[in-house]
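Here's a quick walk through one protein chain, from the overall fold down to a few residues worth a look. Keep the viewer open as you read.

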Amino acid sequence: MKDIILETKGIVKKFGSLVANNNISIQVERASIHAIIGENGAGKSTLMNMIAGIFKPTLGEIYVGGEKQVFKSPNDAADKGIGMVHQEFMLYPDLKVIDNLMMGFEKTHHGVFLDKKKARIDILKICKGYNFNIPLDEYARDLPVSMKQQVEIVKVLYKGADIIILDEPTSVLTPQGIEGLFNALRLLKSMGKTIILITHKLKEVMEISDAITVLKNGEVMGSVLPRDVNEQILANMMVGRNVLFDTKKSPKTLGEPIFQVENLSAHDDNYVEKVKNVSFDVKKGEIVGIAGVAGSGQTELVECLFGLRKASGGKVIFNGNDITKKSPREHRLAKIGYVPQDRLATGTSVEANITENAIMGYHITHGFKHPMLIDYKQANDFAQQVVNDFRVKTESLKNPVSSLSGGNIQKLVVGREFEQDIDFLIIEDPTRGIDVGAIEFIWQKIIDISQQGISVLLISHELGEVMELSDRILVMYNGEIVGNLKNSDTLDEKEVGLYMLGGKKDEIAQ
């Protein structure tokens, strides 16, 4: 007989007239890894937020250990052993790790004073039990991304979680980091913990999960076992059509270099050097990928390349012109497009509506009939084109961007750049949080524009994405280019991963 630790019965969640979840009934076995997959807007996060006590169901019931629960807050869910690790880490960068772990679950003595000594003992016991080696006295901002993820997992364990919900946990990890995470998840499972995994990486679903539930349009399309399906079947269940995983690349002849970076250096906001004497070029029609563990200098490099950060040394040349000190507006006027990594803080104004966000950049490069006034018909026509072409799920262009799921915001930001007239595109994590159908579409769009002669600089934490799309791969480590690798059938992810971890270095890169 199955030992069911978590069950939902007929869960419905409505936001106004929008039905995000419709009659969701699932069962999760104790001490298992249960994957929840589906397209953007399928209702995965909404369902998990109800299980974690963040949202309240409109209809339906949630059972934990066979007992019906009514969660009024995340604390209620935590009291029943449910913890959630969100895709966007919830750490305070200027606090030490131990303070982040204690926050909201502080231990005291005499009912008044913080008892850090007792908290440290309990946290170290958890870390030892699950083979986590976390520096408790370092600041969160100084940790690599894989370590931040461990901190988030320890945080929910410290609060007594028996059911751990992980939202896209491998989105910024190297192959070696993913392997380490999966080993940790298997250990958690062996010690009686239950894992619910939200992900769009079907290869990982097949590798790590014991059971899989597929959602589409807010409804359960099926619950299956990995042994009974393959990636293709899962993808077809998610999007309702045959999904092809191979991109169509035609032979192309690369032109002369049109974008050149010469001995570029830059500091972060704390005046720490993050980009160190970096040099490379991008040829006309070439897709150059940049791979690297988060924090290796990619962010500061890209900000310099698009005029968002001042370089401390070196030059950036585009079509023979020095653009090192040019503003983002001047970059756009030069026909350079940009998709930022942070779709919320940099890529959008979340309270502005969809049309207003869609024309960001467009208003500079294309303008309107009256320079001082927005032609709303023209703006709405362009926004509707982006929404249609990139399958952004929304009820109205007048809705705020905050009403969209993360994946649909991503499609809007990517789409508005692809629909404009550009010669060079800088694009960071283009498919972050996007489902397999949209990944297939965006990958092919990147290849198509490169075959039309548009050059692309692709910065992605998805190593498979970099290797699938790039003609050439640059690897950053500790602010330097340590690898300049021609992409070929003989290049594998583990070799690139060694460069990303500083284990290899090319002479040609220096």
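A residue counts as buried here when its relative accessible area is under 20%, as exposed when that is over 50%, and as partly exposed in between. On that scale, buried residues make up 52% of the 510 residues in the protein chain. Bear in mind that this is a predicted model.

**The whole chain**

Let's start with the big picture. The protein chain holds 17 helices and 22 strands. Its C-alpha trace spans about 70 × 50 × 50 Å along the principal axes. How does the radius of gyration fit with a compact globule? For 510 residues a compact globule would come out near 24 Å, and the protein chain has 24 Å, so the two agree.

Contacts tell you about the fold as well. Among contacts with a separation of 6 or more, 67% are between residues 24 or more positions apart.

**Cysteines**

How many disulfides does the model have? The count comes to zero, taking a disulfide as a pair of cysteine sulfur atoms within 2.5 Å.

**Helix α9**

C304 belongs to the buried set in α9, along with Q298, E300, L301, V302, E303 and L305. After α9 comes G307, with a positive phi near 80 degrees.

**Positive phi away from glycine**

Most residues other than glycine have a negative phi. N217 has a positive phi of about 50 degrees without being a glycine. This residue sits in the loop between β11 (211–216) and β12 (219–224), and it is partly exposed, with a relative accessible area of 48%. N277 also has a positive phi, near 55 degrees, but its place is in strand β14 (residues 273–283).

**Two residues and their contacts**

Is S32 buried or exposed? At 9% relative accessibility, S32 counts as buried, even though it lies in the loop between β2 (18–29) and β3 (33–38). Setting aside neighbours within four places in sequence, S32 is in contact with K189, K193, T194, I195 and D210.

K116 lies in helix α4 (residues 116–129) and is partly exposed, at 36% relative accessibility. Beyond its neighbours within four places in sequence, K116 is in contact with I98, D99 and M102. Take I98 from that list: K116 and I98 are 18 residues apart in sequence, and their C-alpha atoms are 8.4 Å apart in space.

Here are the accessibility values in one place for checking in your viewer.

| Residue | Relative accessibility | Class |
|---|---|---|
| S32 | 9% | buried |
| K116 | 36% | partly exposed |
| N217 | 48% | partly exposed |

How values were computed:
Residues numbered from 1 in each chain as written. Predicted model: local features only at pLDDT ≥ 70, side-chain atom pairs only at ≥ 80, totals over all residues. Heavy atoms only, no water. Helix = DSSP H or I, 4+ residues; strand = E, 2+ residues; numbered from the N terminus. Rg over C-alpha atoms; globule rule 2.2 N^0.38 Å. Buried < 20%, exposed > 50% of the residue type's maximum accessible area, 1.4 Å probe, protein only. Contact = heavy atoms within 4.5 Å.
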